[in-house]
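Q: Please take a close look at one part of this structure and describe the surroundings of a few of its residues.

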Amino acid sequence: MPRHSLLHTPAPARTVDTIERVRWNDSDPFGIIYYGAYVRLFQVGEEELFRASGLPFRELRLGRGVWIPRKALEAEFHSPAELDESVVIRSWFARIGRSAITIRHDVHRAADLVHRASGAVTVVSVDKATMKPRKLPDEVRAMLSQYVAPGDAG
């Protein structure tokens, strides 16, 4: 059964914007961002989104015992970013399910908000020992809900 794409989920009223720069190791010899570098940018946005929710990864993993390995990644590229370009990574939760969370990211050039890329990363809460899906704790769901797309709190 095909998975429904959440790549075009509209942003909620509250998002987390993170400024990052296209680094030397993100670029090809012509100074254009390598497509795989967007995964790094999505990760930066994800970490800051969880931090803004009051759950930096250390707290999520060690304090709350929530382990969230990646399950799926979807990306769409709109225009190429360039070496040393400042970008804005806008991040939010597109969907919070029973155990799965889909995080959406839009990357724009900071200077004029030209759209560079869109991404959706799905993570699944698992039991660390067995790697089997595990229900997200209610308090974690509540903390994340401030950045969730309308109607998509699972």
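A: This is a predicted model, in which local features need pLDDT of at least 70, side-chain atom pairs count only at pLDDT 80 or more, and totals for chains, interfaces and linings use all residues. Residues are numbered from 1 along each chain as its sequence is written, and side-chain values use heavy atoms, with hydrogens and water left out.

T18 belongs to strand β1 and is buried, at 11% relative accessibility; buried means under 20% relative accessible area, exposed over 50%, and partly exposed in between (1.4 Å probe, protein chains only). Beyond its neighbours within four places in sequence, T18 is in contact with V44, G45, E48, V87, V88 and I89, contact being heavy atoms within 4.5 Å.

E20 is also part of strand β1, and its relative accessible area of 14% makes it buried. Apart from neighbours within four places in sequence, the contacts of E20 are R40, L41, V44, E85, S86, V87 and I89. The C-alpha atoms of E20 and S86 are 5.8 Å apart, although 66 residues separate the two along the chain. The side chains of E20 and R23 form a polar contact of 2.7 Å; such a contact is a pair of N or O atoms within 3.5 Å, and within protein one must be able to donate a hydrogen and the other to accept it, while residues adjacent in sequence count only if both atoms are side-chain atoms.

S27 sits in the loop between β1 (16-21) and α1 (37-52) and is buried, with a relative accessible area of 16%.

Definitions and conventions. Helix = DSSP H or I, 4+ residues; strand = E, 2+ residues; numbered from the N terminus.
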